[in-house]
Amino acid sequence: MDWEAFFTLHHDLPREGPGAPEDVDWVLDETGLTGAVSVCDAGCGPGGDLETLADRLPEAYLTGIEMQAGFVATAARRCARFGDRVQVRQGDMAEPGGPHDLIWCAGALYFLGVTEGLKSWRSALAPGGFVAFSEPVKLQDEVPQAAQEFWQEYPAITDLSGIAARVDAAGYDVLGHRLIVGQPWENYYAPLRRRIAELRAANPDPALVEMLDMNAREAALWEAASDHIAYALMLVRPR
Ligand SMILES: C[S@@+](CC[C@H](N)C(=O)[O-])C[C@H]1O[C@@H](n2cnc3c(N)ncnc32)[C@H](O)[C@@H]1O
């Protein structure tokens, strides 16, 4: 990965994967979490969901953990208005600290593996604590060519029952799920497409052109098969 080209394209984008504030609201409604709870956003990227979580939980203490320094800086800047109760640190989400009442993880648990990651997070959860994570999900067996190409680099993609089996293998129960399809993906791709157009107009070097082409292709594949490309937001809890 050419990280310089990557961050030229991705710096300060609102989010790094599909999602929406309504996803956070759904999880908070389902869990009933409120008050001075502890929440970790694992793989928080530029902090879009961390900001929503901090906004919706005004007494909570939140920690964003992110591997890439560029995203840590964006998330920290974005959440500065919440003061000390929101911390963003550069680190490995495999070690989220805790105990947390909620570990939120949008589009990042697959880096650890669903079963492996959930197992490792068990000791980071407070009694009764929850994990909410979004994960690529196959909606049908037969999908258009664009959807097949879109997921080519994630061969581990499975359907809802396959995700539930990975959750079960970690010793967790599924409390509920919600599909992330359509607009939450546009929330990611619309700003990305605008940035690609701006950078193309500014005489980009070959490494950046390659990065722009790769990301533009991904956005075009999503557009071509947007009804067939989904994440599942899973709400789970250790048994
Ligand atoms: C698809 S992005 C999603 C970012 C963010 N959750 C969002 O929805 O905007 C996945 C993020 O996970 C981060 N990541 C991957 N592995 C990680 C690890 N082991 N520890 C911390 N962050 C990690 C990546 O750097 C990236 O920012």
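Predicted model: local features only at pLDDT ≥ 70, side-chain atom pairs only at ≥ 80, totals over all residues.

An unreviewed UniProt entry assigns the feature "domain: Methyltransferase" to residues 39–129.

**Two residues of the span**

Histidine 100 belongs to strand E4, which covers residues 100–106. With a relative accessible area of 3%, histidine 100 is buried, because buried means under 20% relative accessible area. Beyond its neighbours within four places in sequence, histidine 100 is in contact with Ser38, Val39, Cys40 and Thr63, and also with Ala124, Leu125, Ala126 and Gly129.

Alanine 80 lies in the loop that joins helix H4 (69–79) to strand E3 (86–90). Is alanine 80 buried or exposed? Its relative accessible area is 52%, so alanine 80 is exposed, given that the cut-off for exposed is over 50%. Alanine 80 and glutamate 51 are separated by 29 residues in sequence, and their C-alpha atoms are 9.5 Å apart in space.

**Packing against helix H9**

Helix H9 (residues 206–224) packs with helix H1 (residues 3–10), and its axis also comes within 10 Å of that of helix H8 (residues 183–200). The geometry of each pair is set out below.

| Helix pair | Angle | Axis distance |
|---|---|---|
| H1 and H9 | about 55 degrees | 9 Å |
| H8 and H9 | roughly 145 degrees | within 10 Å |

The angle between H1 and H9 makes the two helices oblique to each other, and H1 passes H9 in a right-handed crossing. On the H1 side, the contact is made by Ala5, Phe6, Thr8, Leu9 and His10, which meet Ala207, Leu208, Met211, Leu212 and Asn215 of H9. Sorted by class, this contact of H1 with H9 comprises seven nonpolar residues, three polar residues and no charged residues.

H8 and H9 cross in the left-handed sense. Residues of H8 that take part include Trp185, Tyr188, Tyr189, Leu192, Arg193 and Ile196, and among their partners in H9 are Leu208, Leu212, Asp213, Asn215, Ala216 and Trp222. What is the class composition of the contact of H8 with H9? The contact of H8 with H9 has 11 nonpolar residues, one polar residue and six charged residues.

Notes: Residues numbered from 1 in each chain as written. Heavy atoms only, no water. UniProt positions renumbered as here; feature names shortened; annotations may be inferred. Helix = DSSP H or I, 4+ residues; strand = E, 2+ residues; numbered from the N terminus. Buried < 20%, exposed > 50% of the residue type's maximum accessible area, 1.4 Å probe, protein only. Axes fitted to C-alpha atoms, helices over the stretch in contact; angles between N-to-C directions. Parallel < 35°, antiparallel > 145°, perpendicular 65-115°, else oblique. Left-handed = near helix turned anticlockwise from the far one by under 90°. Contact = heavy atoms within 4.5 Å. Nonpolar A, V, L, I, M, F, W, Y, C, P; charged D, E, K, R; others polar.
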